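Dear colleague,

Please find the structure below, handed over for your own work. My notes on it follow directly after.

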Protein chains: 2
Amino acid sequence: MHDIRKIDLQEGILDENDHIAEHVREHMTDHGILVVNEMGAPGVGKTTTLKNIFRHMTLKPYVIEGDIESDLDTVDLKNLGVEAHQINTYGACHLDAPMIEHATHHIPFDEPGIMFIENIGNLVCPAEFTIGEHVLMLVSTVTEGSDKPYKYPLAFEKADLIILNKVDLIPYLDFDEDFYMKGIRALNKDAPVFKVSGRTGEGFEEVAAWLEERANKLEVHEHHHEHHDHHHHDKN
Amino acid sequence: MHDIRKIDLQEGILDENDHIAEHVREHMTDHGILVVNEMGAPGVGKTTTLKNIFRHMTLKPYVIEGDIESDLDTVDLKNLGVEAHQINTYGACHLDAPMIEHATHHIPFDEPGIMFIENIGNLVCPAEFTIGEHVLMLVSTVTEGSDKPYKYPLAFEKADLIILNKVDLIPYLDFDEDFYMKGIRALNKDAPVFKVSGRTGEGFEEVAAWLEERANKLEVHEHHHEHHDHHHHDKN
């Protein structure tokens with residue numbers, strides 16, 4: 001009994017979430033903002049990854065920080081002069097689109113750029129909820145072990161961009177890169193995998209370049225999108 | 001509207017879960033089996049921790065392996081001759097008590113010992129659901145960073161035993177042990193913290209000794225418990 005009611009309710013929540021996510025995505029596209037949903041397990045270096053990407057960006061970064069509790073990372077980013085806004089979920093295991101819609105009302109998008117949304121540290125639940133992103137950026141690490149794509153397939157399957165962090169520690173680990181890549185490619189043929197180190201800073205220039213290229217394509221796409229939208233409105 | 005219905009339903013599920021968890025706990029106590037709920041983020045070394053504990057155990061180990069998908073760890077453990085049983089949740093972000101109750105029917109508990117239940121790799125959701133454990137064993141690592149107790153407080157608050165794994169990597173990291181311990185002690189005054197390395201094997205002898213001492217106390221407690229239970233049954 002519980003299960004059936006649970007599933008029905010869950011589907012209702014997902015429909016509503018997807019609807020609001022689409023609204024967020026359109027709204028951000030209109031502002032010339034590429035939205036990046038940054039996912040990964042606790043401690044993979046999600047905030048460190050952002051800081052390293054910012055060093056190589058020419059576009060303006062915006063950040064929404066998702067945490068169950070604490071604002072340690074937001075304080076850290078604000079100290080660097082980054083436009084950062086905190087969401088605390090107090091127990092909820094993932095961000096959802098209504099949270100992001102609400103947060104965007106408090107962010108002054110004064111110029112085009114990239115909005116990074118750091119999701120809750122969790123390799124399971126966030127993968128089930130779109131939050132209005134154009135790009136799903138998954139952060140994984142060599143310290144987690146090479147079997148992660150096999151054990152947590154949904155996140156790897158949905159990712160548009162995969163980061164393999166902490167590669168400076170490879171000499172001290174038994175990380176099997178072939179097994180890791182084989183697991184990814186069984187799920188996801190296209191996502192580029194960038195090897196980086198938050199400690200040495202290596203590899204992030206390429207990540208920033210990939211994201212900025214996507215952001216620049218978004219501007220081109222935006223005009224098409226607006227154009228189509230007008231037609232769409234006419235029909236209604 | 002969704003939120004209110006969601007909360008009511010969630011409370012109903014928790015009540016039913018807690019009821020079944022209590023049943024599992026009593027059933028296992030009657031068999032002289034200490035139940036350990038092993039929690040931790042993906043890649044912290046939960047299976048490696050079990051394998052290292054087994055090397056120092058005199059009691060018989062039983063294992064239930066929880067994974068979203070795959071049976072890599074169960075195959076690994078069975079190859080070592082350990083009584084291991086797989087649960088795949090296919091998306092669910094935590095184990096619950098009904099899953100454990102079902103699994104225990106398939107395990108021949110032919111002698112007293114310790115049953116380790118490796119939960120889904122997730123530092124958020126599993127902390128909200130008891131699954132019939134006597135001991136909640138949390139595995140964390142130096143590679144995750146020293147801020148984890150501040151960001152994921154529930155798991156650290158509820159833990160009976162905390163393992164800090166991968167200490168062999170400390171020389172290559174900026175792990176702040178004082179900050180980590182201060183975060184734990186603000187939430188949890190009593191849980192012992194064992195520093196271990198799955199790579200070198202150090203520290204696990206003490207973990208095994210702590211668990212076996214608890215298991216041996218369980219046998220003493222069992223008799224009291226049965227005694228009380230009979231009174232209880234009489235009243236019904």
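In this predicted model, the buried residues of helix α2 in chain B are B:K46, B:T47, B:T49, B:L50, B:K51, B:N52, B:I53 and B:F54. Eight of the nine residues of this helix (residues 46-54) are thus buried, so α2 of chain B is largely enclosed by the rest of the structure.

In chain A, seven strands make up an open sheet with parallel pairing, in the order β3-β2-β4-β1-β5-β6-β7. Strands β3 (83-88) and β7 (193-195) of chain A lie at its edges; each has a single partner strand, so one side of each is left without a neighbour in the sheet. From one strand to the next, the twist averages 20 degrees.

Within that sheet, strand β1 (residues 33-39) of chain A runs parallel to strand β5 (residues 135-141) of chain A, and four bridges join the two. A:V36 is placed opposite A:V135 of β5(A). Helix α2 (residues 46-54) of chain A packs on the sheet, where it touches β1, β2 (60-67), β4 (113-118), β5 and β6 (161-165) of chain A. The direction of this helix makes about 170 degrees with that of β4(A).

As to confidence, the predictor gives the complex an ipTM of 0.85 and a pTM of 0.88. Chain A has an average pLDDT of 90, and 88% of its residues score at least 70. Where pLDDT is low, the predicted coordinates should not be read in detail.

With kind regards

Conventions:
Residues are numbered from 1 along each chain as its sequence is written. Chains are lettered from A and ligands numbered from 1 in the order in which they are written. This is a predicted model: local features need pLDDT of at least 70, side-chain atom pairs count only at pLDDT 80 or more; totals for chains, interfaces and linings use all residues. Side-chain values use heavy atoms; hydrogens and water are left out. Two strands pair if DSSP finds at least two bridges between them. Axes are lines fitted to C-alpha atoms, for helices over the stretch in contact, and angles run from 0 to 180 degrees between N-to-C directions. Contact means heavy atoms within 4.5 Å. Buried means under 20% relative accessible area, exposed over 50%, partly exposed in between (1.4 Å probe, protein chains only). pLDDT is the predictor's confidence in each residue, from 0 to 100.
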